[in-house]
Amino acid sequence: MSDEPEQTGARNAKLTGGSIGGHLVAQTAPMIVGVGALMSVGIIDAYFIGRLGAAQLAAVAFIFPVTTALSSLGVGIMAGLASVVSRALGRGEDDHARGLANLGIVLSLAVGMLFAVPLYLLRGSLFRLMQADSALLPLIDVYMQPFAFAFAVLPGMMAINAVLRAQGAAKRSMAVLLTMAATNWVLDPILIVGGFGFEGFGIAGAAYATLASWTIAAVLGIALVQTTVVKVELGAIRHCIVKRDSLAIARVAGPAAFSNAINPAGLAVLTALLASAGPAAVAGFGAGGRLQAFAVVPLLGLSGSIGAIVGQNWGAQRFGRARRALYWAGGFSLVYGLAVAALMVIFRDALAALFTDDAEVRATLARYISISAWGYGGYGLCIIVNGALNAVDRAGMALAQSLARIALVMVPVAWLARPMLGADAVYFGELAANIAGAVIAVLLVRHVLRKANESGA
């Protein structure tokens, strides 16, 4: 079977024809803007919380990997839903795609409700297990109470965005993310530190802003989906075999959720390892993680757009186009990763000064950047390949790659080197994990593409 069979029947799979480079730019550019806006929320949160004091910033450092891991459940649903919908569109099965989209939205809402209550009830035990200092626990608690109920909204909003992404509606997806971020930009300073005669809620204000932004973004997402081919119309579920298609979504969503949760879970372990070095070390590491998340926004945008491109072409059996998209994306990841790492290392002291006036926290943050930044290109390869593997129903491989990266490299390196290197061991553990993960990712995706060409499936 040729790499480039004629396209048949898939009139709404717009990514199966035309320039691969053009699609990558057209899909990724809006995604970069949207993801950049989303990541900026963490920076804004850290900035205003940092104005409250070093203790509040340290509390957020404990909270950040946990909330990121929880958000990975929504990311997993998004990956699973985008995978099945994009492949159905690629096969020309538009009615089935509509049914899958609506089934996925219903399932996502159920997941959000299922996790919100346990998260609220177990919030104290979780952070005590992470070795959070007793002085920080009250601050953590006041944040987690509203966040637990805010989480009920997140999976549904993610599912709606997945429906947009699967269709290649990158600009609409960007609008949802921009709206979410803009709501946070406006509400963060008011709800955290106060303004216009309002005293503010302190650290809890960041959680209230999150709840408001997710809700508003979900409402906008529903409105935008109604302007596309795959609309929110629950009656379309009749085009599904509910049990079979729920399992098809879960087959990608489950491993994808765990795969996305593994990295923040690994960061939570690293945070616990740093706890013995004091609150300043934890605060610097936490702020550095937020800065890093913003620095790799183009790579996150690319990992978000690659799924729809690869998924639609995989469904249409246009494997050569999928391969070329991955080659272009991987090359960009390496070049961009090295360039941004060099800039961040050069300006690390100035960047650290944006977060806090505390000299010890600034020194820790600058040191973290100087070591970990050189792994950004490798991290980009990891997430791009994960996005592609999820899109082609190989989420188990993506999970294995993520698990090996964290469990076999990141945590062991940090743990074993800590007696000799101290806090630097944590930073080198992250760097080693990104380099090793990139090698594993490349080997996996080459294997999958080779098998696809051999089998013609």
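Guide: The account below takes the salt bridges in turn, together with the helices and contacts around them.

This is a predicted model, in which local features need pLDDT of at least 70 and side-chain atom pairs count only at pLDDT 80 or more, while totals for chains, interfaces and linings use all residues. Residues are numbered from 1 along each chain as its sequence is written, and side-chain values use heavy atoms, with hydrogens and water left out.

The structure holds 6 salt bridges, a salt bridge being a side-chain nitrogen of Lys or Arg within 4 Å of a carboxyl oxygen of Asp or Glu. One of them joins the side chains of Arg 123 and Asp 141, with an N to O distance of 2.5 Å. Arg 123 belongs to helix H4 and Asp 141 to helix H5 (residues 137-150), so this pair ties together parts that are 18 residues apart in sequence. Helices (H or I, at least four residues) and strands (E, at least two) are DSSP runs, numbered from the N terminus. Arg 123 counts as buried at 15% relative accessibility, whereas Asp 141 is partly exposed, with a relative accessible area of 23%. Here buried means under 20% relative accessible area, exposed over 50%, and partly exposed in between (1.4 Å probe, protein chains only).

Helix H5 also contains Met 144, which is buried at 1% relative accessibility. The C-alpha atoms of Met 144 and Arg 123 are 6.8 Å apart in space, although the two residues are 21 apart in sequence. Leaving aside neighbours within four places in sequence, Met 144 is in contact (heavy atoms within 4.5 Å) with Ile 63, Thr 67, Leu 119, Arg 123 and Phe 127.

Leu 122 lies in the loop between helix H3 (94-121) and helix H4 (123-129). Leu 122 is exposed, with a relative accessible area of 53%. Together with Val 117, Leu 121 and Phe 149, Leu 122 makes a nonpolar surface patch of about 420 Å². Patches are made of residues with over 30% relative accessible area and no salt bridge, like charges being joined within 9 Å and nonpolar side chains (Val, Leu, Ile, Met, Phe, Trp, Tyr) within 5 Å. Accessible areas come from the Shrake-Rupley method with a 1.4 Å probe, and for residues only the protein chains shown count as cover.

Helix H3 leads on to helix H9 (residues 242-274): the two axes come within 10 Å and cross at roughly 75°. That makes H3 roughly perpendicular to H9. Axes are lines fitted to C-alpha atoms, for helices over the stretch in contact, with angles from 0 to 180 degrees between N-to-C directions; angles under 35 degrees count as roughly parallel, over 145 as roughly antiparallel, 65 to 115 as roughly perpendicular and the rest as oblique. On the H3 side, His 96, Leu 100, Leu 103, Gly 104 and Leu 107 meet Val 242, Arg 244, Asp 245, Ser 246 and Ile 249 of H9.

Among these residues, Asp 245 and Arg 244 form a salt bridge, their closest N and O atoms being 3.1 Å apart. Asp 245 is buried at 3% relative accessibility, and Arg 244 is partly exposed at 45%. A further salt bridge pairs Asp 393 with Arg 251, the closest N and O atoms being 3.1 Å apart. This pair links distant parts of the chain, 142 residues apart: Asp 393 is in the loop between helix H15 (376-391) and helix H16 (395-421), and Arg 251 is in helix H9. Arg 251 is partly exposed, with a relative accessible area of 47%.
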